[in-house]
Amino acid sequence: MNVLICDGLDKEAIEQLQAAGHAVTVHRGIPKETLMELMPTCEAVVVRSATKITKDVIERGARLKLIVRAGVGIDNVDAATAEARGIAVRNTPAATSISVAEHTMALMLALARHVTRANASVKSGEWNRKAFEGTELYGKTLGVMGLGRIGAEVSKRARAFHMNVVAFDHIINMEVVNALDIEALELDALLQRSDYVTLHLPLVPETRHLINRERLALMKRGAYLINTARGELIDEAAVAEAVRSGQLAGAAVDVYCGEPPAQDHPLVGLPQVITVPHLGGSTGEGQRRAGLEVARIICEFR
Ligand code: 3PG
């Protein structure tokens with residue numbers, strides 16, 4: 001097949017595709033005009049989260065048979081249009097779960113111990129141990145919103161830190177809840193109970209702005225919010241307001257409504273908010289797993 005790889009892919013995965021006889025074009029950071037130019041000859045297209053496979057892009061794909069998302073969230077692919085045209089949409093749902101879970105733990109620990117602010121302080125010549133006294137995760141309650149693969153991996157790690165874990169999902173699997181030794185709660189109860197809330201839900205119409213002004217008001221005063229899922233799950237302006245008022249002690253965000261976020265983005269300028277550039281799935285191991293899975297999907301596609 002003519003395979004267009006838009007946001008980069010593991011080197012060995014590209015070699016496997018070539019060895020199997022596929023004609024591979026790699027175009028990292030592809031501009032929309034180039035994508036539109038290449039679509040008519042393309043039979044399979046591979047993306048991460050940056051390239052948007054919108055309706056107009058799909059409609060240009062006269063020979064397009066397969067769209068592969070090297071990663072989890074397929075909210076950047078117009079799956080309904082693809083399906084209506086008989087084009088398959090696939091992703092690699094398990095490849096980066098551990099990477100995202102570890103990243104979530106890193107952000108939670110960084111919030112608890114003020115790592116990013118303390119680091120900046122020492123580099124600016126200060127030595128202020130008192131200002132950065134932290135808190136332990138031990139004995140605190142973590143609210144996990146979304147108990148899929150990533151939410152379950154986060155829960156496991158949080159239990160190893162002796163946190164109490166409460167979880168919400170639209171459909172909750174009680175076997176998973178019991179195996180993880182955690183508790184299932186309705187969303188509002190989870191928000192009222194948690195010292196940390198972490199989001200692991202997909203972006204669909206029902207989850208858009210799930211964390212809004214009203215739900216932030218339900219949270220414990222001084223709780224922390226971590227978003228490594230999708231920017232649109234939270235009302236960013238409302239979260240910024242909650243941080244400024246002290247309702248939230250802080251937040252850590254990996255994902256934004258628009259990426260990259262503008263410099264005047266409501267969360268980027270707040271010192272209590274850790275802002276990182278969508279790094280959850282970005283590990284060598286995760287990208288290798290995702291790449292090899294993409295290669296397998298394309299090679300087995302009939
Ligand atoms: C995903 O949905 O897999 C993650 O958000 C990672 O996205 P990325 O592949 O663009 O890093």
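**Cysteines and a helix pair**

A search of the whole structure turns up zero disulfides (a disulfide being a pair of cysteine sulfur atoms within 2.5 Å). This is a predicted model, where local features need pLDDT of at least 70, side-chain atom pairs count only at pLDDT 80 or more, and totals for chains, interfaces and linings use all residues. Residues are numbered from 1 along each chain as its sequence is written, and side-chain values use heavy atoms, with hydrogens and water left out.

Q: Which cysteine has the closest sulfur to that of Cys299, and how far away is it?
A: A disulfide takes two cysteine sulfur atoms within 2.5 Å. The closest cysteine sulfur to Cys299 is too far for a bond: it belongs to Cys42, at 15 Å.

Q: Are helices H1 and H12 roughly parallel or roughly antiparallel?
A: Helices are DSSP runs (H or I, at least four residues), numbered from the N terminus. The axes of H1 (residues 11–19) and H12 (residues 284–300) come within 8 Å and cross at roughly 15°; axes are lines fitted to C-alpha atoms over the stretch in contact, with angles from 0 to 180 degrees between N-to-C directions. Angles under 35 degrees count as roughly parallel, over 145 as roughly antiparallel, 65 to 115 as roughly perpendicular and the rest as oblique. H1 and H12 are therefore roughly parallel.

Notes:
Helices (H or I, at least four residues) and strands (E, at least two) are DSSP runs, numbered from the N terminus.
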